[in-house]
Amino acid sequence: MTSTADQLFRPADAVINWARKNSLWPFFFGLSCCFVEEATAWGPRYDIARFGSEVFRGSPRQADVLIVSGTMFKKIAPVALQLYEQMSDPKWVISMGSCSNSGGMYDVYSVVQGSDQILPVDVYIPGCPPRPEAVFEGLMLLQKKIDAGERPTRPVLHLPGGSQGGREDYLVDGRTKARDTRGPGYAGIPIRGTAATEPRFAGSRAEVLWTPPAPGLTLSREQEVLAADLAAVYGDEARLAAGPDAPGDMPTFTVAPSRIADVLAHLKHKAPTRFERLEDLTAIDETARKTPVGHEATAVYTLTSLSRATMVRLLCPLQSRDATLPTATGVWSAANWYEREAAEMFGLRFDGHPDPRRLLTHRDWVSHPLRKDYEGRATNMPAFTREDCARLAPVDAAEILGERAKDGDYLLNFGPHHYATHGIIRFVMALRGERIKAMGIDIGYHHRGVEKIGERQTWHQFIPYTDRVDYLSGIANNLSYVTAVEKLAGIEVPPRAAYARVMLSELFRLSNHLMYFGTFLQDLGMMSPIFYALREREMVLDIIETVTGGRLHPSWLRLGGLAADLPEGWKEQVEAFVKIFPARLKEYHAGVTKNPIVKARTKGVGGITAAEATDRGVTGPNLRAAGVSWDRRKAMPYGAYADFDFDVPTRQNGDCYDRYLVRMDEMRESLRIIKQAAARMPEGRHLSADARYCLPQKDAALRDIESLIHHFVNVTRGPRLPSGMAYAATEAPRGEQGYFVVSDGGCHAYRMRIRTPGFANVQALPHIIEGLSIADCVAVLASYDYILPDIDR
C-alpha cells in the first residue's frame, strides 16, 4: 500500500528520474568484440549522444552506468569490481554480450561464467556480439527501469527509505545462478569427454572409418641441401623425419633436446638456407595419444626464411613434461615470451631464461592449463566469487618491473583498462620525469583458453572461435585456420570459393585499417577522423553483411569452401564501394597526412630497424614500415592470391609515421584486389566435392540421400581427419597469423596452436618505447595496431 508520504514524494521522484534517465553517462569496460560494437554506437550512423552523454566516460568517477561488454576473465574480474566500487551513487550496471552474461561460448578454465557473480547487473544485452542498436535497446530498458522502479527523493534528502541506483545484490552460484551452459533439463547428465579426451558419441563409427593418409612432402633441391647440411654437422642428433608419417607441409627435423640451441643458431647463421625468423615455439602434451609415442611431451620450433621464402620445423621429444631445454633467447629475442608461455602452459623449463615468471595467468595460478589432464571447462570448476577477486588481485607494479625498478623511480601503471591501451593490457613504466626509463608488460587479462577449446570442438565447430581471435578481422581469421586444416587433409578448394575468400579477407583488412586510422588519430588528439572512418567502415560492413549475414563474426568459411554461395546483389554493392572509396582516401590524406602536428608527433618517434624487427618476430605493416618487403600474400602465396596484381607498400624508418603510411597504402592495394576479385569472380561450386571432410552444398543435400547423409555425419560427429600435423600462416591485417594443427586421426584437433601477430609484435614494445616520453608512448601504442584476444588467445 502506498503511504501518504510516498504520494507526497512522487512528483519529486518523477522529476529526478526524468533527469537521470535522460542523462546517462556510461563508463565502458570493454573486454572483447562486444566493445567494438559498443564503441561503434557513438559513430555517425548511430550517435549515442541522444542519451545525454556525447561519448563514453573515461573514468568510473565520472559515470553512472558501467557497461561490461564481452568476456569476463578471472584475471581482470578483480579490476572490474574495483572500478564498480569507485563509482559514486547512484549507479547501474549493464552486462553486454553472451560471454559477459554467462561465459557464452567460452566455457573454459580462464573465464568467469557471468559478470553477475561479482557485480549487481541491472540489464542484460544478449548476443555475440550484440549489434550497436542493441546498446541503445539496453539503455532504453535501463531508462524504463529507472522510471518505473526508483524512488530517489528520500535518499537525495538524506531521509530513510526510498531507492535509487538499481540492484545491489549479485547472483550466488548454485543458489540464484545456474551455470550449466547447455540450458535447463540437463541436471545430472554428465558432459561428454574429459579434460584428457575428446567428446565422443556412444556408438559413433568414426573410429572405424578409413581415412586416406595425409599428403606427403617431396623435398625441393634446396631442402635436400639443407637436410644434408644438418646431417653432416649434427648426425643423428638432427635427423629428417621421413616416410609416410612425415608432415607434408614443410621439412621437419627431430632434434636432440640438448642440441636444440646449437641447431637453431646454425639455421639462423650458417646453414645453406638462413632462417632469419623464429616463427613460433610451442609444445605438445603427448600423454593422451591414442597410440603412445614413447615420450610425454614435444617442443616444437617453427622457423621462416625471409630471404628464400621457405619454412622448417624442429621437434624435440621430451621424456617428461617437466623436462628442461636450453633457452633460445640468445638466438632470437622473440623466444623470450614463447618460452615463458610454453613453461606456463605445459610445465617445461628453459635453462638460462632471463625471466621465467608466468606470463598469461596470475602468479598464484596453480598448474599448467594446456596439459591434457588439466580441467578445461569452467562449469566443471568451482564458481568464481568475490573472494577469488581478492585472491587474484593485480600484483604490484614493482613486481612486474622486477629488478629494473630502482629507488627513485616513479612507477606509473598504464592500464590494464585505459583509453590508450586499446584493450585490457597493463604497461608499467619506471619514470624519471616524463622520460620512460624502463617498461614492463603484463598480459593475459584477455586469455580465453581458445587453444584448449580447439581440442574439444570438432574441426568444423571450431570455426566460430577463429573469428574472435582478432575480432576486427573476421574472415581473415577463418582463412588461417581452414587453410591449415585443408593442408593437413589435402582438401582442394574450388576457384570461386578461393576468390570469394580473398575478396572478403581484403574487405576485413579495410575494416581493420579504417578503425586503425580513426583510433590512431584520436589518440593523437584529433576527434573528427574517427567519425569519418566509422562512416566508411559501416559501408564495408554492409557488404560483408550482405554476403555473409554477419558483421564482425560471419564464420562464413568452411573446410573446402564457403558456408553459402555469393548472394544476388553482392557485385553491385562492391562496385559502388570501389568507386567511392578512392576519393575518401584522398580526403583522409588531405586532412591528416601533411598535418604538421601529426608529423611532429609521429616522425622519428618510436622507430625500429629491419634487423631488430625481424629478430623480435615483428610481422605485418609494422615490419614493412621498417623496410622489410615481406608479405605472405606475395612471398608465399596461399589460396588464390597468386592470381592477383598488387604491390607491397614499404617505408624505411619504422617509426610511427611510417607505420601509418604503410597502412594507408595498404588500403589502396586492398581496393585493387577487391576490384579484380569482383571483376573476375569464377563460376562453379562454392564448396569442395570431397564429402569425407567437407559439408555438401545445401542444394545437393536437399536433392540426394548421399549428400544428406554426409551432411548429417559431418555435422554431428565431425569429419575424421588423417593423423599428422600442418602449419599454415596468412597475412592477416595486423601481421602473420598461423595455425598449427595436430591430428591424432580423430574428429577433433589433438593440439591446436595459434601463432598470432600481436604476441610477437607487442613483445618488442619495451625496446621501442624505453627512452621516450609518456606522450610519445601513446603515439607508439596507437600506431602499432594490436588487439588483445589475438595476444592473449
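The dialogue below takes up domains, annotations and helix contacts in turn.

Me: What kind of model is this, and into which domains is the chain divided?

Reply: The model is predicted. Its chain is divided into domain 1 (21–148), domain 2 (221–360) and domain 3 (450–792).

Me: How far apart do the C-alpha centres of domain 1 and domain 3 lie, and how many residues of each are in contact?

Reply: In general, the size of an interface is often given as the accessible area lost when the parts come together. Here the description rests on distance and residue counts. The C-alpha centres of domain 1 and domain 3 are separated by 28 Å, and 19 residues of domain 1 touch 20 residues of domain 3.

Me: Which features does UniProt place at residues 254–379 and at residues 523–793?

Reply: For residues 254–379, an unreviewed UniProt entry gives "domain: NADH:ubiquinone oxidoreductase 30kDa subunit". For residues 523–793, the record, also an unreviewed entry, gives "domain: NADH-quinone oxidoreductase subunit D".

Me: What is the helix and strand content over each of these stretches?

Reply: Residues 254–379 are 17% helix and 28% strand, with end C-alpha atoms 39 Å apart. Residues 523–793 are 50% helix and 11% strand, and there the end C-alpha atoms are 25 Å apart.

Me: Turning to helix packing, are α15 and α22 roughly parallel or antiparallel?

Reply: The angle between N-to-C directions decides this, and a value over 145 degrees counts as roughly antiparallel. The axes of α15 (residues 495–523) and α22 (residues 656–679) cross at roughly 150° and come within 9 Å. The two helices are therefore roughly antiparallel to each other. The crossing of α15 past α22 is left-handed. By class, the residues of this contact comprise 18 nonpolar, two polar and five charged.

Me: How do α15 and α17 pack, and which residues make the contact?

Reply: Angles under 35 degrees count as roughly parallel. Helix α17 (residues 570–593) packs against α15 at about 25°, with the axes 13 Å apart, and the pair is therefore roughly parallel. Here too α15 passes α17 in a left-handed crossing. From α15 the contact draws on M503, L510, L514, F517 and L521, while α17 supplies W570, V574, F577, F581, Y588 and V592.

Me: What is the class make-up of the contact of α15 with α17?

Reply: The contact of α15 with α17 has eleven nonpolar residues, with no polar and no charged ones.

Note on methods
Residues numbered from 1 in each chain as written. Predicted model: local features only at pLDDT ≥ 70, side-chain atom pairs only at ≥ 80, totals over all residues. Heavy atoms only, no water. UniProt positions renumbered as here; feature names shortened; annotations may be inferred. Helix = DSSP H or I, 4+ residues; strand = E, 2+ residues; numbered from the N terminus. Axes fitted to C-alpha atoms, helices over the stretch in contact; angles between N-to-C directions. Parallel < 35°, antiparallel > 145°, perpendicular 65-115°, else oblique. Left-handed = near helix turned anticlockwise from the far one by under 90°. Nonpolar A, V, L, I, M, F, W, Y, C, P; charged D, E, K, R; others polar. Domains from an automatic or database assignment. Contact = heavy atoms within 4.5 Å.
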